[in-house]
Structures are given as C-alpha cells and as structure tokens.
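Hi,

Here is the structure I promised to send over. Have a look at it first, and then read on for what turned up.

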Amino acid sequence: MSLPSFGGTADPGPSFSELLRRVGVESFGGGAGASAVEPAHGTTIVSVRYAEGVVMAGDRRATEGYSIAHRAIEKVFPADRHSGVAIAGAAGPAMEMVRLFQTELEHYEKVEGIALSLEGKANKLSQMIRSNLPAAMQGLAVVPIFAGYDVRRRSGRIFKYDVTGGRYEEADFHATGSGGRDARTTIKLGYREDLDRASAVELAIEGLYEAADEDSATGGPDVVLGIYPTVATITATGFERLPEPEVAERFGALIQRKTEEGHQV
C-alpha cells in the first residue's frame with residue numbers, strides 16, 4: 001500500500017483526523033446507530049491540582065444498566081508526556097477516543113517537530129467530543145477530564161467538557177461521572193491552595209471512596225480481589241502512575257481512619 005500524497009491546497013497539515021478524512025476513512029463519531037444492548041459505562045473520575053502539577057484518579061468499575069460489566073477497567077490514561085485524560089461515559093467510544101487522541105498528539109509532534117501546547121491539546125479533545133455528538137444523542141456520550149502540566153506556565157491545569165464539546169477550565173479540581181457530585185463535595189471540603197503531592201493524592205482517593213459509598217455504579221477498593229482505583233500524577237517530569245501497592249496502602253490507611261472515626265462517634 002502506497003502512502004497518500006497531497007498538493008499544496010489539499011495538505012491536511014499536522015492533524016491526524018484530517019488526514020484520515022482526506023483519504024476517506026471515518027476517524028471517529030461517524031453517526032453511530034441506535035444500540036439494541038446496554039453499553040458498558042465508566043463511572044467516576046477526579047482530578048486535583050497541587051503545587052507541582054495535577055493528580056488524576058478513577059475507579060475501576062464499569063456498569064451495564066444495573067449490572068457490573070467490568071470490575072477492573074482502566075479510566076486514566078497518558079495523553080502524552082505532560083498530559084492525561086480520564087474517561088467517563090460509554091466505555092467503548094471513550095477508549096476509542098483516547099487512542100485517537102494519543103495518536104493525534106503524537107502525529108502533530110512528528111509533523112511539526114514540537115509538542116502541541118496544553119491549550120491546543122484541550123481544544124483538540126473538544127473537537128473530538130463534538131464529533132461524537134450524534135452518538136451521544138443515542139446514549140453513547142463520552143465526558144472526559146483532561147489535565148496536564150503546562151510547561152509554559154509551569155503549573156498544572158484541569159479542563160472539563162460537556163457532551164457538545166464545550167470546554168471549561170477548572171482552577172483547582174473537578175470530578176465527573178455518576179459519583180462525580182459526591183466526589184466533588186468531598187474534595188471541595190478538603191481542598192486548600194498549598195496541597196503537596198501526598199495531600200492531593202489522599203484527597204483524590206477520599207473523593208473516590210466517598211463516591212463509592214453513595215453511588216452504586218462507582219467501585220470502591222476491592223481488598224479481596226486486590227482491585228484499587230487508578231491514580232496518576234502529572235508534573236514537569238511527566239505522567240506517572242502510582243504503583244498499586246502504594247494505592248492499596250493509602251486506601252488501607254483511609255479505611256483505618258474511617259473505622260476509628262466511626263468508633264469515636
């Protein structure tokens with residue numbers, strides 16, 4: 001198979017999605033038909049900004065209606081070295097969107113020789129969510145959180161979206177999905193400007209814990225199966241997923257504290 005070539009006015013530029021469109025391939029959101037089955041849905045994801053960057057976290061449960069579809073689904077992914085995306089909504093389209101988004105950023109960097117700005121990455125994801133609107137209207141909505149370390153501003157930034165592709169920047173934290181409201185309330189009560197890495201991770205974990213306590217679609221820590229929420233940090237040194245033993249230890253400490261508080265009441 002030969003590589004496509006384009007004239008000056010037909011050059012798709014650094015956009016991988018536009019390249020696919022020019023060669024006649026539907027990149028994403030191509031008018032999905034109504035589904036006869038209940039799709040798997042990812043539930044609760046959170047992000048918290050702290051002094052050195054941002055924390056992103058997500059529970060591991062996916063649901064199909066009132067049933068558990070998956071107990072250990074991944075919802076937090078690196079977008080590139082200095083950014084990440086967490087998914088909520090229809091799991092299949094969300095994972096497809098993440099893969100295409102990762103390819104978009106890599107393609108841009110290879111063509112242009114530099115990485116897209118964090119603002120540009122947020123805008124690119126917004127366009128992809130907007131292209132999924134026909135599917136969203138049929139129940140296959142994808143509502144991610146995008147966050148990263150802005151190397152120009154030297155700080156962490158968090159962006160949220162609606163199903164139409166509307167993009168909004170959050171100053172300090174955000175949570176979405178079926179347990180998003182409970183997670184946001186918990187994080188709001190514990191948030192402060194001078195959070196360090198450990199405190200931000202603890203707050204994100206507590207937000208997911210409280211969401212799981214109130215929302216049946218959000219999965220809490222499963223000590224028996226050893227399944228714990230995914231937690232990652234994004235700083236000047238890049239995207240780093242916390243080792244599962246560390247996450248398990250932090251959840252163990254949180255459960256111990258909750259138990260002691262309960263005995264004190």
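The side chain of glutamate 206 makes a polar contact, at 3.3 Å, with the side chain of lysine 258. Bear in mind that this is a predicted model. Is glutamate 206 buried or exposed? Its relative accessible area is 18%, and the cut-off for buried is under 20%, so glutamate 206 counts as buried. Apart from residues within four places in sequence, glutamate 206 is in contact with Thr186, Leu254, Arg257 and Lys258.

Glutamate 206 sits in helix 6. The buried residues of helix 6 are Ala200, Val201, Leu203, Ala204, Ile205, Glu206, Gly207, Leu208, Glu210 and Ala211.

The largest nonpolar core has 24 residues, and Val46, Val48, Val55, Leu195 and Val231 touch the most other members. Strand 2, strand 3 (53-58), strand 12, helix 5, helix 6 (197-214) and helix 7 (244-264) each give two or more residues to this core. Which element gives the most? That is helix 6, with seven residues.

Five strands make an open, antiparallel sheet in the order 12-2-3-13-14. Strand 12 (173-176) and strand 14 (238-241) are the edge strands, each pairing on one side only. From one strand to the next, the twist averages 15°. Four bridges link strand 13 (residues 230-235) to strand 14 in the antiparallel sense, and isoleucine 234 has phenylalanine 239 in strand 14 as its bridge partner. Helix 5 (residues 180-190) packs on this sheet, where it touches strand 2 (45-50) and strand 12, and the direction of helix 5 makes about 160° with that of strand 12.

Another open sheet has four strands in the order 5-4-1-8, again with antiparallel pairing. Why is one side of strand 5 and of strand 8 left without a neighbour in the sheet? Strand 5 (67-70) and strand 8 (89-90) stand at the edges and each has a single partner strand, so one side of each has no neighbour there. Strand 1 (residues 41-42) and strand 8 run antiparallel and are joined by two bridges. Histidine 41 has alanine 90, in strand 8, as its bridge partner.

Last, helix 2 (residues 91-112). Its 22 residues reach 31 Å from the first C-alpha to the last, close to the 32 Å expected at 1.5 Å a residue. Its buried residues are Ala91, Pro93, Ala94, Met97, Val98, Leu100, Phe101, Glu104, Leu105, His107 and Tyr108. Just after helix 2 comes glycine 113, with a positive phi of about 85°.

Cheers

Terms used: Residues are numbered from 1 along each chain as its sequence is written. This is a predicted model: local features need pLDDT of at least 70, side-chain atom pairs count only at pLDDT 80 or more; totals for chains, interfaces and linings use all residues. Side-chain values use heavy atoms; hydrogens and water are left out. Two strands pair if DSSP finds at least two bridges between them. Axes are lines fitted to C-alpha atoms, for helices over the stretch in contact, and angles run from 0 to 180 degrees between N-to-C directions. Contact means heavy atoms within 4.5 Å. A nonpolar core is a set of buried Ala, Val, Leu, Ile, Met, Phe, Trp, Tyr and Cys residues joined through side-chain atoms within 4.5 Å. Buried means under 20% relative accessible area, exposed over 50%, partly exposed in between (1.4 Å probe, protein chains only). A polar contact is a pair of N or O atoms within 3.5 Å; within protein, one must be able to donate a hydrogen and the other to accept it, and residues adjacent in sequence count only if both atoms are side-chain atoms. The expected span of a helix is 1.5 Å times one less than its number of residues.
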